[in-house]
Amino acid sequence: MNSKRQALITGANKGIGLAIAKGLAEAGFFVWIGARDVTRGKYAVAELHKAGLNAGFLELDVADDTSVQDAATTLAAHIEALDVLVNNAGIAVDMTRAPSQVHMQDMKAVYEVNLFGPVRVTQAFLPLLKAADQARIVMMGSGVGSLTLITDPTSLYSTVNLLDYTSSKVALNAVTISFAKELAPLGIKVNAVEPGHVRTDLNDNSGVLTPAEGAAIAIKMALLESDGPTGGFFGSHGRQPW
């Protein structure tokens with residue numbers, strides 16, 4: 001069994017997810033790169049190894065029940081407890097369509113990854129999280145997941161009107177609160193974060209922040225001390241409005 005502190009990051013073969021993995025590895029964790037693409041996932045692990053960091057690959061498609069259950073079984077054979085889970089995997093199918101033109105199958109696909117994925121993964125890995133000493137769960141949200149910000153005309157986020165992506169992130173905030181309430185008595189902290197406008201494949205690299213800058217808040221919440229918050233929504237400037 002691996003004796004180092006353990007962290008699993010979904011969708012970690014590139015972008016913010018890989019940056020989170022790198023940051024947690026630098027903080028002393030053995031990081032598991034969760035990814036559905038085996039080639040890309042193993043390449044990401046190799047890159048971390050080249051940097052002298054501890055990492056392993058875990059094949060994991062957050063939108064597939066069997067894949068998630070198999071991944072949980074596989075990881076349980078390698079570690080006794082999981083200290084950090086970062087539900088980072090996310091997609092946006094078509095960011096150009098008006099809400100009235102969004103295809104239902106596309107909306108369902110977005111929800112499978114962005115909303116049901118974190119629920120599916122958290123439930124499957126909960127036994128390992130409970131076995132750790134005060135585990136941390138981080139949900140990768142978005143500024144557009146704040147109803148306050150998307151209805152505030154002074155906020156950049158109010159200019160975004162994505163029916164499927166936005167609603168999936170709003171719902172993820174509610175999921176965060178639900179898990180936080182259940183797991184608080186066990187000392188497990190669950191928080192949602194928003195990385196800011198990061199340059200990623202999701203937005204065709206149109207963001208202004210680097211993946212490392214966007215990863216900072218997720219890393220911070222993954223490393224919370226015992227007196228840290230739970231059931232909150234945080235960005236680089238602190239607590240964000242719901």
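Predicted model: local features only at pLDDT ≥ 70, side-chain atom pairs only at ≥ 80, totals over all residues.
The model contains an open sheet of eight strands, arranged in the order β3-β2-β1-β4-β5-β6-β7-β8, with mixed pairing. In general, the strands of a sheet pair through backbone hydrogen bonds, in either a parallel or an antiparallel sense.

Within β3, Leu58 stands opposite Gly34. Helix α5 (residues 116-130) packs on the sheet, where it touches β1 (6-10), β3, β4 (84-87) and β5 (136-140). The direction of α5 makes about 175 degrees with that of β4.

## Strand β4 and its partners

Strand β4 pairs with β1 in the parallel sense, over three bridges. Here Leu85 in β4 stands opposite Leu8. Strand β4 is also joined to β5 by four bridges, and these two strands run parallel. In this pairing, Asn87 stands opposite Met139 in β5.

Side chains in a regular strand alternate between the two faces of the sheet. In β4, Val84 and Val86 point one way, whereas Leu85 and Asn87 point the other way, and all are buried.

## Strand β5

Strand β5 is mostly covered, with five of its five residues buried. Both of its faces are covered. Arg136, Val138 and Met140 lie on one side, with Ile137 and Met139 on the other, and all are buried.

Five bridges connect β5 with β6, and the two strands run parallel. The bridge partner of Val138 in β6 is Asn191.

## Ala7 in strand β1

Ala7 is located in strand β1. What is the relative accessible area of Ala7? The value is 0%; because buried means under 20% relative accessible area, Ala7 is counted as buried.

Leaving aside neighbours within four places in sequence, Ala7 is in contact with Leu24, Phe29, Phe30, Val31, Trp32, Leu82 and Val84. Thr122 lies 115 residues from Ala7 along the chain, and the C-alpha atoms of the two are separated by 13 Å.

In helix α4 (residues 104-114), the buried residues include Asp106, Met107, Val110, Tyr111, Val113 and Asn114.

Ser168 is found in helix α7. With a relative accessibility of 0%, Ser168 counts as buried. Leaving aside neighbours within four places in sequence, Ser168 is in contact with Val110, Tyr111, Asn114 and Leu115. Among these, Val110, Tyr111 and Asn114 are buried residues of α4. Ser168 and Glu213 are 45 residues apart along the chain, and their C-alpha atoms are separated by 23 Å.

## Gly187 in a loop

Gly187 lies in the loop between α7 (163-183) and β6 (189-193). Is Gly187 buried or exposed? With a relative accessible area of 19%, Gly187 is buried, because the limit for a buried residue is under 20%.

Leaving aside neighbours within four places in sequence, Gly187 is in contact with Gln134, Ala135 and Arg136. Arg136 is one of the buried residues of β5. Gly187 and Asp133 are 54 residues apart in sequence, with a C-alpha to C-alpha distance of 7.9 Å in space.

## The second largest pocket

The second largest pocket has a volume of about 180 Å³. Its lining comprises 13 residues, of which Arg5, Asp133, Gln134, Arg136 and Leu224 lie nearest its centre. How do the residues of the lining divide into nonpolar, polar and charged? Six are nonpolar, two are polar and five are charged.

Gln134 and Arg136 are in contact with Gly187, and Asp133 is the residue whose C-alpha atom lies 7.9 Å from that of Gly187.

Methods: Residues numbered from 1 in each chain as written. Heavy atoms only, no water. 1 Å grid on protein atoms, 1.4 Å probe; cavity = no way out; pocket = protein on both sides within 12 Å on 5 of 7 lines; lining within 4 Å. Points joined across faces, edges and corners; volume = space filled by probe spheres on them. Nonpolar A, V, L, I, M, F, W, Y, C, P; charged D, E, K, R; others polar. Pairing = 2+ DSSP bridges. Contact = heavy atoms within 4.5 Å. Axes fitted to C-alpha atoms, helices over the stretch in contact; angles between N-to-C directions. Buried < 20%, exposed > 50% of the residue type's maximum accessible area, 1.4 Å probe, protein only.
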